[in-house]
Amino acid sequence: MTVNISEVSPVPSLFSPVALGKIELANRIVMAPMTRVRAGSSGIPGDLMVEYYRQRASVGLIITEGTYPDHASQGYVGEPGIATDEQAAGWQRVFEAVHAEGGRIVLQIMHAGRGTHPDINGGRRILAPSAIAIDGKTFTEKGEQPYPVPEAMTTAEIRAALEDFVTAARRAIEAGADGVEIHGANGYLLQEFLSPAANQRTDGYGGSPQNRARFVIEVVTAVAQAVGAERVGLRISPEVDLGDVFETDRDDVLATYGTLVDQLRPLGLAYLSVLHTEPGGDLVQELRRRFDGKLIVNNGPFGGQTTREQALQQIEADHADAVVVGRALIANPDLVERWQGGHPENEPRPELFYGPGAEGYTDYPFLEAA
Ligand SMILES: Cc1cc2nc3c(=O)[nH]c(=O)nc-3n(C[C@H](O)[C@H](O)[C@H](O)COP(=O)(O)O)c2cc1C
């Protein structure tokens with residue numbers, strides 16, 4: 001028998017409901033945004049993606065994989081977009097399938113910034129705050145290639161990128177999403193603006209922590225105005241070293257992200273999602289206090305994957321309002337039931353994380369019916 005802890009204890013449990021703005025979650029397990037590159041060259045979600053998300057609808061909230069708002073911002077071959085009506089229509093089928101199962105789903109809007117290549121984004125220009133390349137390689141249509149040196153964005157291009165986020169958010173909500181998550185993490189465009197290493201601008205978008213936070217504040221504010229703040233979340237990953245953002249100075253990190261959350265607080269966003277190795281540590285908890293809204297957390301991709309014990313503990317210790325879970329949900333579509341009942345778990349197959357077919361995607365078994 002499973003015991004619903006919320007019935008016997010005043011402390012919220014992982015399996016108790018919570019509201020993130022206008023989004024009502026049946027439990028506090030949130031599916032992490034995870035790029036799975038199954039959308040083909042059209043970027044239109046098809047039957048396979050509909051089935052994948054449908055299978056996982058028992059989590060409190062699904063956050064979709066990173067999705068490009070316009071073609072130039074595509075970061076991976078096979079990544080879905082929401083740049084066209086056809087792509088939005090594909091997402092509408094995903095949202096309807098999740099809703100039919102009683103689930104909730106928000107779309108993660110991801111602009112890859114300099115974290116892409118012309119052989120990924122259809123030969124379009126690569127834009128970033130400054131003309132500095134990531135030191136490394138990425139998988140393109142022609143195999144592995146070094147990241148290109150991006151072009152520093154003009155003020156007009158910064159404005160256009162903001163408009164792309166807004167248009168994408170409108171499309172997602174019109175297609176039936178419960179909300180949108182702005183991807184400000186993992187070294188893509190928005191974190192490139194926050195980073196003192198990637199952003200070497202000398203205008204109002206670079207230099208001081210306040211200036212580096214400006215673009216993210218403008219994007220989130222504009223999206224919130226367009227679709228309603230209670231349907232908008234933001235993901236950040238302070239100090240997480242992906243894509244050469246090198247946020248190594250704690251004082252600078254606190255000044256930058258502190259300004260960001262101070263400015264976002266009055267908006268009344270649905271949630272702040274923080275990826276950090278120490279969700280219960282000083283930095284994340286200070287950002288939570290200053291944000292003064294719902295916080296959801298994830299330990300990041302560097303250690304082992306998020307475990308049941310970790311998730312239970314993070315809620316019990318009140319480090320967050322909900323826990324963002326990635327790889328365990330790739331491998332276990334019915335993870336909520338497994339964690340609630342203490343059942344064994346399937347192991348993920350990392351070699352199949354990135355496409356292209358059903359194997360390692362929709363074929364992980366559910367618990368046997370009792
Ligand atoms: C296959 C894969 C794809 C990912 N894609 C994204 C993404 O599109 N957007 C994002 O914000 N994070 C992405 N992440 C990071 C996850 O959201 C999460 O932070 C990470 O998997 C650590 O959580 P876990 O230990 O529970 O798996 C990805 C991680 C994995 C494993």
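Student: What ground rules apply to the model?

Tutor: In this predicted model, local features need pLDDT of at least 70, side-chain atom pairs count only at pLDDT 80 or more, and totals for chains, interfaces and linings use all residues. Residues are numbered from 1 along each chain as its sequence is written, and side-chain values use heavy atoms, with hydrogens and water left out.

Student: Which residues come nearest to the ligand?

Tutor: A residue is near a molecule if one of its heavy atoms lies within 4 Å of it. Here 20 residues are around the ligand, and Thr 35, Arg 235, Thr 306, Gly 326 and Arg 327 come nearest.

Student: How much of the ligand does the protein bury?

Tutor: Accessible areas come from the Shrake-Rupley method with a 1.4 Å probe. Alone, the ligand exposes 610 Å², and the protein buries 93% of that.

Student: How do I read a salt bridge?

Tutor: Side chains of opposite charge can pair when their charged atoms come close. The cut-off is a side-chain nitrogen of Lys or Arg within 4 Å of a carboxyl oxygen of Asp or Glu. The whole structure has 20 salt bridges. One of them joins Lys 142 and Asp 119, at 3.4 Å from N to O. This pair links distant parts of the chain, 23 residues apart. Lys 142 is in the loop between β7 (137–140) and β8 (143–146), and Asp 119 is in the loop between β5 (105–109) and β6 (127–128). Helices (H or I, at least four residues) and strands (E, at least two) are DSSP runs, numbered from the N terminus.

Student: Which backbone features stand out?

Tutor: Most residues other than glycine have a negative phi, and most peptide bonds are trans. Glu 239 has a positive phi of about 70°. Glu 239 sits in the loop between β11 (232–236) and α6 (250–264). The Gly 355 to Pro 356 peptide bond is cis, with omega near 0°. Pro 356 lies in the segment after α10 (335–341).
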